[in-house]
Amino acid sequence: MSSILSLNSVSKTYKSGNASLQVLNNISFDVAHGSTISIVGPSGSGKTTLLGICAGLDKSTTGAVALQGNNLNSLNEDQLAAIRNRYIGFIFQNFQLLPTLTALENVMVPLELRGEKNIKTRSMELLDKVGLASRSHHYPTQLSGGEQQRISLARAFSNSPSILFADEPTGNLDAETSEKVVKLLFELNKEAGTTLVLVTHDLDLAAQTQRILRIKGGHLVSDQITG
Ligand code: ADP
Ligand code: MG
């Protein structure tokens with residue numbers, strides 16, 4: 001099975017003044033094309049840092065990260081931005097919609113960056129899929145948390161990413177809303193055949209992916225196939 005993402009001995013150390021903090025320690029794993037995987041671990045264990053490095057938002061201190069055959073360590077900021085726009089979708093715990101843009105405009109952003117055509121039609125289709133076509137002209141502040149996360153799902157899938165990274169996507173939502181958002185996430189993911197890398201501390205949610213990685217204190221402590 002070919003892998004879309006490959007980490008080889010990745011470590012990350014944050015330095016401030018004389019102090020240095022090692023947040024990730026010698027982490028290696030491969031993620032197969034089209035698979036779903038969760039990363040779980042206590043707060044502060046390095047999950048967000050790890051996801052940021054996998055997605056080319058941040059660089060590892062040592063070790064190598066390859067995404068879709070591209071060695072991320074060797075790329076500059078512009079090249080990383082191009083890789084992100086071409087291959088990657090991202091969903092954050094706090095939604096991160098652009099506050100000055102409407103729901104529709106937020107969904108259009110990744111497509112606009114790509115210079116694609118007919119982006120309004122495609123974006124409206126996605127809003128419809130997440131059940132929010134009627135809210136296309138609303139701004140993020142006019143939407144509930146669950147609605148904002150559904151908009152960010154539509155945005156994440158708009159450029160048909162090869163791989164989707166979701167960092168505690170239900171962390172700011174109540175149980176009932178979480179369930180709806182998760183259902184939608186898995187539906188859209190399955191339909192598009194996207195590889196999913198999900199950070200969560202919800203073990204029931206993690207169990208819905210094919211594989212679970214556990215990290216503790218920056219170390220990969222287990223790698224389990226579910227089911
Ligand atoms: P998690 O997502 O598992 O809660 P994080 O990856 O956010 O963990 O953080 C792991 C550790 O790295 C924490 O101790 C955190 O304080 C530290 N950390 C995260 N980002 C930075 C940063 N930019 N500078 C210094 N320390 C950081
Ligand atoms: Mg985190």
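In the predicted model, helices α3 and α4 cross with right-handed geometry. Helix α3 spans residues 103-114 and helix α4 residues 119-129; their axes are 9 Å apart and the packing angle is about 125 degrees. On the α3 side, the contact is formed by L104, V107, M108, L111 and E112. These residues meet I119, K120, R122, S123, M124, L126 and L127 of α4. Sorted by class, the contact of α3 with α4 comprises eight nonpolar residues, one polar residue and three charged residues.

Helix α4 also packs against helix α5, which covers residues 145-158. The angle between α4 and α5 is about 135 degrees, and their axes lie 9 Å apart. The two helices, α4 and α5, are therefore oblique to each other. The crossing of α4 and α5 is right-handed. Helix α4 contributes R122, L126 and L127 to this contact, and α5 contributes I151, A154, F157 and S158. The contact of α4 with α5 contains five nonpolar residues, one polar residue and one charged residue. R122, L126 and L127 are also listed among the α4 residues that meet α3.

From α5, the residues in contact are G146, Q149, R150, L153 and F157. Those from α6 are T177, V181, L184, L185, L188, N189 and A192. The contact of α5 with α6 divides into seven nonpolar, four polar and one charged residues. F157 of α5 takes part in this contact and is also found in the contact of α5 with α4.

Ligand 1 is surrounded by residues that include the run P42, S43, G44, S45, G46, K47, T48 and T49. Y14, L21 and V23 also belong to the surroundings of ligand 1. A backbone N or O atom of S45 is placed 3.2 Å from an oxygen atom of ligand 1. For G46, a polar backbone atom lies 3.1 Å from a ligand 1 oxygen atom. In the case of T49, a polar side-chain atom is 2.6 Å from an oxygen atom of ligand 1.

Key: Residues numbered from 1 in each chain as written. Chains lettered and ligands numbered in written order. Predicted model: local features only at pLDDT ≥ 70, side-chain atom pairs only at ≥ 80, totals over all residues. Heavy atoms only, no water. Axes fitted to C-alpha atoms, helices over the stretch in contact; angles between N-to-C directions. Helix = DSSP H or I, 4+ residues; strand = E, 2+ residues; numbered from the N terminus. Left-handed = near helix turned anticlockwise from the far one by under 90°. Contact = heavy atoms within 4.5 Å. Nonpolar A, V, L, I, M, F, W, Y, C, P; charged D, E, K, R; others polar. Near = heavy atom within 4 Å. Polar contact = N/O pair within 3.5 Å; in protein donor to acceptor, adjacent residues only side chain to side chain. Parallel < 35°, antiparallel > 145°, perpendicular 65-115°, else oblique.
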